[in-house]
Amino acid sequence: GEIRDSVNQTLEALPSTPVRSLADIIKFNNDHPDLQAGLDQTYHIQAQEDNIDQETLTRARQEMKRRAGEEGVDKMLSQFGLDAIIAPMDSPISTVAALAGEQPFTVLEPSGSK
């Protein structure tokens with residue numbers, strides 16, 4: 001799968017680490033449960049076992065981008081004559097915008113402001 005392959009590629013490029021793959025991370029966590037901070041490995045294991053082929057993954061990405069973009073964010077911007085959508089970063093619209101390939105713009109409040 002994509003996540004497993006990306007993690008493996010990143011770890012393999014590190015100059016000095018005994019952990020070289022997602023499988024190594026899972027094994028390390030199994031061997032050292034006291035170091036996991038109470039987190040389970042559900043997503044690690046799912047990523048390790050993912051065997052989706054590249055063609056299916058590419059089609060799914062294209063479909064998500066079309067639905068989130070042309071049929072979602074882009075349509076809403078056009079329909080309502082908007083230049084931007086302002087929403088919290090953890091809102092569903094932020095996820096849809098990311099799937100559409102839209103660039104986020106973050107405004108941070110100064111520390112201590114209300």
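**Close-up views of a predicted helical model**

**View 1. Ser21 in the loop between helix 1 and helix 2.** Helices here are DSSP runs of H or I with at least four residues, numbered from the N terminus. The model is predicted, so that local features need pLDDT of at least 70 and side-chain atom pairs count only at pLDDT 80 or more, while totals for chains, interfaces and linings use all residues. Residues are numbered from 1 along each chain as its sequence is written, and side-chain values use heavy atoms, with hydrogens and water left out. Ser21 has a relative accessible area of 15% and is therefore buried (under 20% relative accessible area, with a 1.4 Å probe and protein chains only). Leaving aside neighbours within four places in sequence, Ser21 is in contact with Asn8 and Leu11, where contact means heavy atoms within 4.5 Å.

**View 2. The contact of helix 2 with helix 3.** The axes of helix 2 (residues 22-31) and helix 3 (residues 42-49) come within 10 Å and cross at roughly 145°; axes are lines fitted to C-alpha atoms over the stretch in contact, and angles run from 0 to 180 degrees between N-to-C directions. Leu22, Ala23, Ile25, Ile26 and Asn29 of helix 2 meet His44, Ile45, Ala47 and Gln48 of helix 3 in this contact.

**View 3. Helix 4 and its bend at Gly69.** The 26 residues of helix 4 (residues 54-79) should span 38 Å at 1.5 Å a residue, and the end C-alpha atoms are 35 Å apart, which agrees; the expected span is 1.5 Å times one less than the number of residues. Helix 4 bends by about 35° at Gly69, the angle between axes fitted to the seven residues ending there and the seven starting there. Leu57, Ala68, Gly69, Val73 and Leu77 of helix 4 are buried, and the buried residues of helix 4 pack against helix 1 (2-13) and helix 5 (92-100).

Conventions. Helices (H or I, at least four residues) and strands (E, at least two) are DSSP runs, numbered from the N terminus. Ala, Val, Leu, Ile, Met, Phe, Trp, Tyr, Cys and Pro count as nonpolar, Asp, Glu, Lys and Arg as charged, and the others, Gly among them, as polar. Buried means under 20% relative accessible area, exposed over 50%, partly exposed in between (1.4 Å probe, protein chains only).
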